[in-house]
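Here are my notes on this structure, as numbered points. Please read them with the model open.

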Amino acid sequence: MSNRVTIAGLGLIGGSIGIALRRKGWHVSYSDPNVDLAAAKGRAAADEKLDEPKGDLVIIATPVDIAVRLRVQAPLATTTCSVMLPFRQPNFVAGHPFAGSERNGLDSARGDLFEGHPWFVHRDEPRVREIIEAVGAKQTVVDCDDHDRAMALTSHLPQVISTALASLIEQKRIDPIFIGSGIRTLLRLAASRYEVWGSVLEANARNIGEAERELLRVMNSMTTADFDRARRFMAKYVAPPEQ
């Protein structure tokens with residue numbers, strides 16, 4: 001099979017895919033009105049620019065709102081958005097590489113971004129699997145509904161919390177002397193842009209709303225059991241608890 005691919009959107013995700021694939025000998029075309037060819041070649045992310053996304057295989061790496069409106073001329077397309085349900089349709093493989101950064105844009109792209117990370121898809125498709133393996137990710141087939149509910153709690157809600165808290169602190173004009181390492185760690189995601197996250201929050205609003213209600217339920221009735229569960233979670237999945 002031909003090792004040619006077109007990427008719609010050459011930002012952090014699309015650019016990182018392009019860099020990784022070109023290192024494996026793929027020919028990468030791209031469509032992005034905000035990235036000129038000189039910049040794409042300068043970052044080693046693409047070989048040519050197209051006016052519109054077309055080809056045998058198109059990877060859609062745009063924000064969600066653009067992705068749902070995009071007209072793709074291809075027999076097969078896959079997505080990289082952090083919501084999957086809107087893209088469970090014929091000739092599409094709904095996908096989500098579970099890797100990223102609070103930074104955005106082609107300048108932040110890097111070829112090792114996906115190495116060792118899960119790449120969720122809603123069905124196995126050999127050509128898409130070939131892309132996933134070429135960038136060093138691990139294909140994981142999941143149900144779109146299950147994926148979007150889980151992401152609401154583990155990815156989208158943390159972004160909401162971080163952004164809302166940073167906005168509130170700024171609004172309250174808190175003296176910087178009170179901003180320590182703990183809050184800086186918690187607020188890392190607040191550096192993200194609305195252009196990237198706004199459409200995600202809208203597309204997954206129902207699941208995020210449910211996650212918010214569940215979180216408030218726990219917050220409003222915090223007991224020693226919650227602290228115990230939190231410490232068990234941290235010890236198992238994140239880091240050993242502090243003594």
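Which residues are buried in helix α4 (residues 126–134)? I start there. Keep in mind that this is a predicted model.

1. **Helix α4.** The buried residues are R127, V128, I131, I132 and A134. They sit on the same side of α4, because they cover an arc of only 165° around the axis. Just after α4 comes G136, with a positive phi of about 90°.

2. Side chains of opposite charge can pair when their charged atoms come close. D124 pairs with R129 in a salt bridge, and their closest N and O atoms are 2.8 Å apart. D124 is partly exposed, at 40% relative accessible area. R129 is also partly exposed, at 27%. A further salt bridge joins the side chains of E125 and R123, at 3.8 Å from N to O. Here E125 is buried, with a relative accessible area of 18%. R123 is partly exposed, at 29% relative accessibility.

3. Where do R229 and D226 lie? Both are in helix α9 (residues 224–238), three residues apart, or about one turn of the helix. Is D226 buried or exposed? D226 counts as buried, because its relative accessibility of 14% is under the 20% cut-off. R229 is partly exposed, at 45% relative accessibility.

4. **Total.** How many salt bridges does the count come to? The figure is 11.

5. **Positive phi at N91.** N91 is not a glycine, yet its phi is positive, about 65°. Look for N91 in the loop between β5 (76–79) and β6 (92–93). N91 is partly exposed, with a relative accessible area of 48%.

6. **Positive phi at R173.** R173 is not a glycine either, and its phi is positive, about 55°. This residue is in the loop between α5 (144–171) and α6 (181–186). R173 counts as exposed, because its relative accessibility of 74% is over the 50% cut-off.

7. **S31 and its contacts.** S31 belongs to strand β2 (residues 27–31). S31 is buried, with a relative accessible area of 11%. What does S31 touch, leaving out residues up to four places away in sequence? Its contacts are I7, A8 and G9, together with L50, D51, E52 and P53.

Definitions and conventions:
Residues numbered from 1 in each chain as written. Predicted model: local features only at pLDDT ≥ 70, side-chain atom pairs only at ≥ 80, totals over all residues. Heavy atoms only, no water. Buried < 20%, exposed > 50% of the residue type's maximum accessible area, 1.4 Å probe, protein only. Helix = DSSP H or I, 4+ residues; strand = E, 2+ residues; numbered from the N terminus. Arc of directions from axis to C-beta. Contact = heavy atoms within 4.5 Å. Salt bridge = Lys/Arg side-chain N within 4 Å of Asp/Glu carboxyl O.
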